[in-house]
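I opened this notebook to record what I looked up in a structure that was new to me. The entries follow the order of my reading.

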Amino acid sequence: VRKAMQMAIDLPAIAATYYGGAADPSPSSFSSSAMSRWGKGWGFPYQEWPQDLKDEYAYNPALAKKLLAEAGYPNGFKTNIVADIAADLDLLQVIKSYFQQVGIDMEIRTLESAAWVRYVQNEKKHDQLAYHSGGSLHRAHEPLRQLTMFQTGSSSNPHMAVSDPVYDSFYDKAIAAHNEEEVKKIFRDANEYVARHHFAICLVQPMQYSLYQPWFKGYHGQFGAISWSPPSLSFYTARFWIDRKLKKKMRR
C-alpha cells in the first residue's frame with residue numbers, strides 16, 4: 001500500500017509546476033544529495049539507486065491501482081492525515097488529488113502547530129498519516145544523528161511511527177565501526193533500507209535561498225547560521241563584518 005501511494009504522486013510534475021522548477025524532482029531517502037558536504041561517498045543519491053528502486057518512485061497510477069487491488073483494496077480506501085496548519089496545505093491538496101486518482105480518499109484534518117506537536121509527537125494519538133513542516137526525508141544532518149531519524153524510541157524519530165529492528169541495527173553497527181569507510185557503507189545501506197520500505201511518502205525538496213547585501217562580509221550563504229544554537233551562532237557571527245565603505249557607496 002505504501003508503495004502504491006508513492007507511485008500515485010508525480011514528483012517531476014510537482015517540481016516543474018507547483019514549485020516552478022525551483023525544486024529537485026528526484027526522490028530521496030532520509031539523507032539528501034546535500035550529504036556531499038560531508039565529503040565523497042556519503043549518502044545515497046538518486047543517481048546511484050538501482051533501477052528497480054527508481055521504478056518504485058516513478059509516477060505510475062496504473063500500477064498503483066494494481067498494487068492496491070493486490071493488497072485487498074480494489075476500490076481504494078479512505079484515510080486521514082493530521083496536518084500542522086503552519087505547513088504547506090496547498091501542497092497537501094495536490095497530494096490529495098493525486099491519491100483520489102487511484103481511489104484513495106484522504107481527509108485533511110488540521111491542527112494548530114502546538115496542538116499538532118502535542119497530538120502527534122507527545123501523545124502519539126495519530127493512527128494514520130501526519131504532515132508537518134520539514135518532514136522525515138531529505139535530511140542533511142551529521143550522519144550518526146541522521147541514523148536516529150527512524151530509530152525506535154529516539155527523540156529524533158518525531159512521529160514514533162517506525163520501530164524496525166533491522167533499521168535500529170544500522171546505528172549500533174555505525175557506532176561499532178572501525179573506520180570511516182565502514183560507516184559510509186552502513187549509512188548508504190540504511191538509506192536504501194528506508195527507501196525500499198517506504199517509511200515515509202517522499203515529496204520533492206524545494207530549493208532554498210540566502211539573500212544578503214554584498215557589504216555583509218564573511219557570510220557565504222551558510223544555511224541556518226543565524227538560527228542555530230548559541231555555540232554555532234557565536235562561531236559564525238565572530239566571522240562576520242561590514243564593509244562600511246561599500247555600504248556607504250551603495251547608498252548613493
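In which loop is serine 26 found? I located serine 26 in the loop between strand 1 and helix 3 (51-56); helices (H or I, at least four residues) and strands (E, at least two) are DSSP runs, numbered from the N terminus.

I noted that this is a predicted model, in which local features need pLDDT of at least 70, side-chain atom pairs count only at pLDDT 80 or more, and totals for chains, interfaces and linings use all residues. Residues are numbered from 1 along each chain as its sequence is written, and side-chain values use heavy atoms, with hydrogens and water left out.

I looked up the accessibility of serine 26: at 18% it counts as buried (under 20% relative accessible area, with exposed over 50% and partly exposed in between; 1.4 Å probe, protein chains only). Leaving aside residues up to four places away in sequence, serine 26 touches Tyr46 and His138 (contact means heavy atoms within 4.5 Å).

I then turned to Tyr46. Lysine 54 lies over the face of tyrosine 46, at 4.9 Å from the ring centre (NZ of Lys or CZ of Arg within 6 Å of the ring centre and within 35 degrees of the ring normal). I found lysine 247 over the face of tryptophan 215, at 4.6 Å from the ring centre.

Next I read helix 2 (residues 11-18), whose buried residues are Leu11, Ile14 and Ala15. These fall within an arc of 100 degrees seen down the axis of helix 2, so they line one face of the helix (the arc is that of the directions from the helix axis to the C-beta atoms). They pack against helix 1 (2-7), strand 1 (23-24) and helix 5 (89-101).
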